[in-house]
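Subject: Structure handover

Hello,

Please find the structure below, with the sequence. My notes on it follow.

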Amino acid sequence: MQIHSGGLLEATPHAVRGCKGGSNVSRETFAVFMEPEYHSSMDIPASRTLEDTQCAEAERSLPSSVRTISKRWKMGMNFGEFSNATFAAFY
């Protein structure tokens, strides 16, 4: 949604970490993720820029392990290409 909205909606950096406390502690969660079709366009709105999509201030606040959108997304990519670039950046 961050790319599709040109930065009007921002993704929240997140990570799942194990609990300290041994085997008697469990973590329960219900995550809901939405994604476009694999070959769907990932272009930003014509009235927005790459800088709007992820502003410099937001980039500075990211943990060093998080790759910025500008390092993973290029104009003209579809969702599949963006997904592949994202997986390659993290794994």
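To start with Ser-5: its side chain reaches the backbone oxygen of Met-1 at 2.8 Å.

Before the rest, the basis of the values. This is a predicted model, in which local features need pLDDT of at least 70 and side-chain atom pairs count only at pLDDT 80 or more, while totals for chains, interfaces and linings use all residues. Residues are numbered from 1 along each chain as its sequence is written, and side-chain values use heavy atoms, with hydrogens and water left out.

Ser-5 is found in the segment before H1. Ser-5 counts as buried because its relative accessible area is 12%; buried means under 20%, exposed over 50%, and partly exposed in between (1.4 Å probe, protein chains only). Leaving aside neighbours within four places in sequence, Ser-5 is in contact (heavy atoms within 4.5 Å) with Pro-45 and Arg-48.

The chain as a whole

The protein chain has 4 helices and 0 strands, in the order α-α-α-α along the sequence. Helices (H or I, at least four residues) and strands (E, at least two) are DSSP runs, numbered from the N terminus. Of the 91 residues in the protein chain, 24% are buried. The accessible surface of the protein chain comes to about 7,200 Å², and 55% of that belongs to carbon and sulfur atoms; these areas come from the Shrake-Rupley method with a 1.4 Å probe, and for residues only the protein chains shown count as cover. Among contacts between residues at least 6 apart in sequence, 64% join residues at least 24 apart.

Which residues make up the largest nonpolar core? They are Ile-3, Met-42, Ile-44, Ile-69, Trp-73, Met-77, Phe-79 and Phe-82, 8 residues in all. A nonpolar core is a set of buried Ala, Val, Leu, Ile, Met, Phe, Trp, Tyr and Cys residues joined through side-chain atoms within 4.5 Å. Not counting residues up to four places away in sequence, Phe-79 touches Glu-35, Pro-36, Glu-37, Tyr-38, Ser-40 and Met-42.

Thr-53 is found in helix H1 and is buried, with a relative accessible area of 1%. Beyond four places in sequence, the residues that Thr-53 touches include Ile-3, Ile-44 and Ile-69, which are also listed in the core. Gln-2, Gly-6 and Gly-7 are touched by Thr-53 as well.

Ser-41 lies in the segment before helix H1 (50–53), and its side chain reaches the backbone nitrogen of Asp-43 at 3.2 Å. Apart from neighbours within four places in sequence, Ser-41 is in contact with His-4, Met-77 and Asn-78.

Ala-58 is in helix H2 (residues 56–61) and is buried at 16% relative accessible area.

Aromatic rings

There is 1 aromatic pair. The rings of Phe-87 and Tyr-91 have their centres 6.3 Å apart and their planes at 35°, so the pair is tilted. Rings of Phe, Tyr and Trp (its six-membered ring) pair if their centres lie within 6.5 Å; planes under 30 degrees apart count as stacked, over 60 as edge-to-face and the rest as tilted. Phe-87 and Tyr-91 are both exposed.

Regards

Notes: A polar contact is a pair of N or O atoms within 3.5 Å; within protein, one must be able to donate a hydrogen and the other to accept it, and residues adjacent in sequence count only if both atoms are side-chain atoms.
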